[in-house]
Amino acid sequence: MMGGWSSFIRDLTEQMPLILTGLVQTLQLAGLISVSGLLLGIVIFYLTLSKNQYVRSAINAYISFFIGMPLIVLLFLMYYGLPQWGVRLSPFTVAFIGFTFNVAAYNAAYLKTAFNGLDKSQLEAASAQGFNPLQIFQLITLPQVIRLSIPALTNQVIANLKDSSVAFLIQYTEFFARVQELAATNFQFFKAYFFAALVYLVLVSLIVLLARAIERRCCIPA
């Protein structure tokens, strides 16, 4: 029989310091992989524009591989598989590297999709004026594809926040892991997971509001 809300709130209050610590770990991981995934995604996107066919093929294979591989499989492969080859990484390191490779593949795909919708005449005009490919990418291509990709990139940040919860499966003690501990303490699983859902909902709502503000500032058409 489930206990009342009063007992749950009491247990929640007692474990709040640990839960808040876990929440900080979640936000830290989600924030870092969002930044690293975007930066690496930009590099990968740039390489998809290479005139070298072998480079493009290798990069497209990278994107297909990491988009196609389930994230949990990648994390398990690194955390539980690599030690058999003498490579032992901390849970945070595995989560950071695994998420970064995965997120970068998605971000590169978003940027490439936005690039396909650009008016290429402006790129040709810049080339005719003497700009080299890197200058064209930095000054013309990248700013526009970033602006056009803000909705997709926002969805990816939200996914990063929610997906970070799977990191507890490789012993990374983040917010959801602390909620699991709370649920195991009082066996009030519904209340504990409902509390977790509310926290994630609040965080996602804040991300959406921030993204909308950025979209308005960038004058992105609806």
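**Exercise 1. A residue in helix 1**

Is Thr26 buried or exposed? Find its place in the predicted model and list its contacts.

Solution. 

Step 1. Locate the residue. Thr26 belongs to helix 1, which covers residues 5-48.

Step 2. Read its accessibility. The relative accessible area of Thr26 is 0%. The cut-off for buried is under 20%, so Thr26 is buried.

Step 3. List the residues around it. When neighbours within four places in sequence are set aside, Thr26 is in contact with Leu161, Ser164, Glu174 and Phe175.

Step 4. Look for a polar contact. The side chains of Thr26 and Glu174 make one, at 3.5 Å.

**Exercise 2. The chain as a whole**

Describe the make-up of the protein chain and its overall dimensions.

Solution. 

Step 1. Count the elements. The protein chain has eight helices and zero strands. Read from the N terminus, the order is α-α-α-α-α-α-α-α.

Step 2. The C-alpha trace spans about 75 × 50 × 25 Å along its principal axes.

Step 3. Of the 222 residues in the protein chain, 40% are buried.

**Exercise 3. Helix 1 and helix 7**

How do helix 1 and helix 7 pack, and which residues make the contact?

Solution. 

Step 1. Two packed helices are described by the angle between their axes and the distance between the axes.

Step 2. Read both. For helix 1 and helix 7, the angle is about 160° and the axes are 7 Å apart.

Step 3. Classify the angle. Angles over 145 degrees count as roughly antiparallel, so helix 1 is roughly antiparallel to helix 7.

Step 4. The crossing of helix 1 and helix 7 is right-handed.

Step 5. Name the residues. Helix 1 contributes Phe8, Asp11, Leu12, Gln15, Leu18, Ile19, Gly22, Leu23 and Thr26, while helix 7 contributes Phe175, Arg178, Glu181, Leu182, Thr185 and Asn186.

Step 6. Sort them by class. The contact of helix 1 with helix 7 has seven nonpolar, five polar and three charged residues.

**Exercise 4. Two partners of helix 6**

Solution. 

Step 1. Begin with helix 8. Helix 6 (residues 133-163) packs with helix 8 (residues 189-218) at an angle of about 165°, and their axes are 10 Å apart. Helix 6 and helix 8 are therefore roughly antiparallel. Their crossing is right-handed.

Step 2. Name the residues on both sides. In helix 6 they are Arg147, Ile150, Pro151, Thr154, Val157, Ile158, Leu161 and Lys162, and in helix 8 they are Tyr200, Leu203, Val204, Ile207, Val208, Ala211, Ile214, Glu215 and Cys218. By class, the contact of helix 6 with helix 8 has 13 nonpolar, one polar and three charged residues.

Step 3. Turn to helix 5. Helix 5 (residues 121-128) and helix 6 cross at roughly 170°, and their axes come within 10 Å. Helix 5 is therefore roughly antiparallel to helix 6. Helix 5 passes helix 6 in a right-handed crossing.

Step 4. Name the residues of this second contact. Gln122, Leu123, Ala126 and Ser127 of helix 5 meet Ile136, Ile140, Thr141 and Gln144 of helix 6. The contact of helix 5 with helix 6 has four nonpolar, four polar and no charged residues.

**Exercise 5. Distance in sequence and in space**

How far apart in sequence and in space are Leu40 and Ala104?

Solution. 

Step 1. Take the first pair. Leu40 and Ala104 are 64 residues apart in sequence, and their C-alpha atoms are 5.5 Å apart in space.

Step 2. Describe Leu40. Leu40 lies in helix 1 and is partly exposed, at 24% relative accessibility. Leaving aside neighbours within four places in sequence, Leu40 is in contact with Tyr62, Thr100, Phe101 and Ala104.

Step 3. Describe Ala58. Ala58 is found in helix 2 (residues 53-68). Its relative accessible area is 47%, so Ala58 is partly exposed.

**Exercise 6. A backbone angle**

Where is Gln171 found, and what is its phi?

Solution. 

Step 1. Gln171 is in the loop between helix 6 and helix 7 (175-186).

Step 2. Gln171 has a positive phi of about 75°, although Gln171 is not a glycine.

Technical notes
Residues numbered from 1 in each chain as written. Predicted model: local features only at pLDDT ≥ 70, side-chain atom pairs only at ≥ 80, totals over all residues. Heavy atoms only, no water. Axes fitted to C-alpha atoms, helices over the stretch in contact; angles between N-to-C directions. Helix = DSSP H or I, 4+ residues; strand = E, 2+ residues; numbered from the N terminus. Parallel < 35°, antiparallel > 145°, perpendicular 65-115°, else oblique. Left-handed = near helix turned anticlockwise from the far one by under 90°. Contact = heavy atoms within 4.5 Å. Nonpolar A, V, L, I, M, F, W, Y, C, P; charged D, E, K, R; others polar. Buried < 20%, exposed > 50% of the residue type's maximum accessible area, 1.4 Å probe, protein only. Polar contact = N/O pair within 3.5 Å; in protein donor to acceptor, adjacent residues only side chain to side chain.
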